[in-house]
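Subject: Structure handover

Hello,

Here is the structure I said I would pass on.

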Amino acid sequence: MGRQAMILHMDMDAFFASVEQLDNPELRGKPVIIGGHSSRGVVSTASYEARTFGVHSAMPIFQAKKNCPHGLYIRPRMWRYSELSRRIMGMLKGFSPLVEPVSIDEAYVDISGCGRLYGSPLEIARAIKARIREETGLTASVGIAPIKFLSKIASDYRKPDGITIIPPERVMEFIDQLPVEKVPGVGKSAMGAVRMLHIRTLGDVRRYPEAELLKRFGKFGRRLHELSRGIDGGRVVTESEVKSISGEETLSHDTDDRDLLRACLLKHSEDVGRELRKKGMSAKTIGIKVKFSDFKQITRSRTLKAPTHSSERIYREAARLFEEAGINRKIRLLGVRAASLVPEGKPAQMSLFGGGKRGGENWDSVDKAMDSIKGKFGKGAVTKATLTPKKPLS
Ligand code: TTP
Ligand code: MG
């Protein structure tokens, strides 16, 4: 019974910058900085050559130019990165059917069953890196561990072009020395609070009374404690398992303020769109859910002509459904839902992006650029200027 689980996490090295260096040999070995699209003016990523000058993702371009005046500054070509990303994800599926793309340049692969065909974890890691290189000319870093969250940490360990394997018998040792801030999803404020208790590593967490952690941090405390004991419920979730994606919230107070409600729809549309893009999926059905002060609830939905993963498109549909519902009562909860999901890049989708009109490719690439930033720095990091809610939601 129970063969040992093995999860691989792969993350491309300096992805956008490496693609530019691949397509333009003159850029190779040089400090390449990708960024400068729109008015936000932040660095998307920098080649490892540029990183030695202290340039990194999310840094304002003007700062990057100070640190690295001789750098080669290049605008992102999202379509090209997406194309390579799709190829890489497709290739991974040749190794195992259990592939979970997490962002444009990273994915989890459950390789528990790959041993017979490909050999040891090290051999599998080498084979995957070699295939990526053959297929695209690019390098990736790979981490392998029996536990999902550790595989992600491992892939970051020997970047670029690295392989890090945490065998089952080394898991506890690895966890013990792991700084809490390395745990995916641990925000700055939580980190501060944890540090107040003189907890620095997951080893410290494990030695801390669990009841106390639960009392102080609730769910987060429980998760931290579980992780510190090497327990992680996370498994590799393939695209086809996702049936719908939704976001909803109970408002801080019941309201009929249109601006506030629209802002709320917008926020959830953005979250849902982002989640879709992260999963490489598009939705054919968009719906809303409304709960009133008296807890009665209605849902409305519409099937689109062509599937979408554009936050703006989702918002437009959600707002329309909301208006059509003719609501004039106070609302307690509002949600947005995307269903009938199909993998991105299906022929049905072509009409949506083929026209080159506003609402197609433009928004698509803006959406995607924002995703990669939010993915790293949390949802509050950026919002489209024109879509910023007028009032805070809570
Ligand atoms: P990352 O994998 O975080 O970074 P990277 O691949 O450039 O470098 P590393 O070798 O450290 O993995 O992000 C993948 C791509 O997402 C990156 O090439 C550009 C984009 N991105 C942004 O646009 N903004 C951001 O703030 C970040 C972090 C990434
Ligand atoms: Mg990367």
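Of the contacts in the protein with a separation of 6 or more, 65% are between residues 24 or more positions apart; a contact here means heavy atoms within 4.5 Å. This is a predicted model, in which local features need pLDDT of at least 70 and side-chain atom pairs count only at pLDDT 80 or more, while totals for chains, interfaces and linings use all residues. Residues are numbered from 1 along each chain as its sequence is written, chains are lettered from A and ligands numbered from 1 in the order in which they are written, and side-chain values use heavy atoms, with hydrogens and water left out.

The protein has 15 helices and 12 strands (DSSP runs, H or I of at least four residues and E of at least two, numbered from the N terminus). Of its 394 residues, 49% are buried (under 20% relative accessible area, 1.4 Å probe, protein chains only).

Asp11 lies in strand β1 (residues 7–12) and Asp105 in the loop between β5 (99–103) and β6 (106–110), so the pair ties together parts 94 residues apart in sequence. Asp11 is buried, at a relative accessible area of 13%, and Asp105 is buried at 12%.

Regards

Notes. Buried means under 20% relative accessible area, exposed over 50%, partly exposed in between (1.4 Å probe, protein chains only).
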